[in-house]
Amino acid sequence: MNDTSTSSGGVRRWAGDLSAWASSLRFSGFTALVVVLVLAGAIIVSPTLSTFVQQRREIAELRESVRQHQEAVTEIDAERAKWKDPVYIRSQARDRLFYVMPGETQLNVIDDIVMPSDAEEETNAELTRIESAWARGLAASFLGAGLTDAPPEELAGDGGGASSEAPGVEDPATGDSAPTDPATEETQP
């Protein structure tokens, strides 16, 4: 029973001490004015302070952006300086456009296949040149593209009502040959 009375006495003493401390506080008009001014200052300064922090963050981001753009400009200037060098221009023409100097022979590797080391195929050390008339091949391809062995019916399809009979061509349905002279053709009304 002593423990219970002691703990309730401790609470009472603590409550008494708190009320004694609260009653000892004296608020004067000057103290109230200072508290009001501090609160008003905090309210007035807080938007300005958040704006300041935000602007500092934006300034840091813009400085980083300027630094990146300056690096890009430096890279572009270095690239432009390369293109003023005739040796670099020649090397790019060789690589990109496959240009060669007069008297040189260019070798292009197409579908490069890596041969295994145990391959039994033998390679020839001599270079060979294949002569081809590319202009003749182009003309033959162009002329051959317009020629066909297909019958006129297949070429015309429905033909939009066009006649499949051509002068001098045999009609496969009847076996009759169409007239070759337009003056001997009969006109039907």
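D77 and R80 both sit in helix α2, three residues apart, about one turn of the helix. An α-helix has 3.6 residues a turn, so residues three or four places apart point the same way. D77 forms a salt bridge with R80, and the closest N and O atoms are 3.3 Å apart. This is a predicted model, and the distance is computed from its atoms. D77 is partly exposed, at 35% relative accessible area. R80 has 51%. That value counts as exposed because the cut-off is over 50%.

Salt bridges that share partners join E64, R67 and E71 into one network. How exposed is E64? E64 is partly exposed, at 34% relative accessibility. R67 is partly exposed at 36%, and E71 is partly exposed at 41%. Side chains of opposite charge can pair when their charged atoms come close. The whole structure has five salt bridges.

Now turn to helix α1, residues 2-24, where L18 lies. L18 is partly exposed, with 44% relative accessible area. L18 belongs to a nonpolar surface patch with W14, W21, L25 and F27. Together these residues have about 650 Å² of accessible area.

Helix α3 covers residues 86-97 and includes Q92. Is Q92 buried or exposed? Q92 is buried, at 13% relative accessibility, because the limit for buried is under 20%. Leaving out residues up to four places away in sequence, Q92 touches W83 and L97.

Helix α4 spans residues 134-145. Its twelve residues reach 16 Å from first C-alpha to last, close to the 16 Å expected at 1.5 Å a residue. Helix α4 is hardly covered: the count of buried residues in it is zero.

Last comes confidence. The mean pLDDT of the protein is 77, and 74% of its residues reach 70 or more. Among the elements, helix α2 (residues 29-83) has the highest mean, 93. Helix α5 (residues 152-156) has the lowest, 66. Over residues 158-169 the pLDDT is below 50, and this stretch has 13 contacts beyond near neighbours in sequence. Residues 177-189 also stay under 50, with twelve contacts beyond four places in sequence. Where pLDDT is low, the predicted coordinates should not be read in detail.

Methods. Residues numbered from 1 in each chain as written. Predicted model: local features only at pLDDT ≥ 70, side-chain atom pairs only at ≥ 80, totals over all residues. Heavy atoms only, no water. Patch = residues over 30% accessible without salt bridge, like charges linked within 9 Å, V, L, I, M, F, W, Y side chains within 5 Å. Areas by Shrake-Rupley, 256 points an atom, 1.4 Å probe, with all protein chains shown as cover. Salt bridge = Lys/Arg side-chain N within 4 Å of Asp/Glu carboxyl O. Helix = DSSP H or I, 4+ residues; strand = E, 2+ residues; numbered from the N terminus. Buried < 20%, exposed > 50% of the residue type's maximum accessible area, 1.4 Å probe, protein only. Expected span 1.5 Å × (residues − 1). pLDDT = per-residue confidence, 0-100. Contact = heavy atoms within 4.5 Å.
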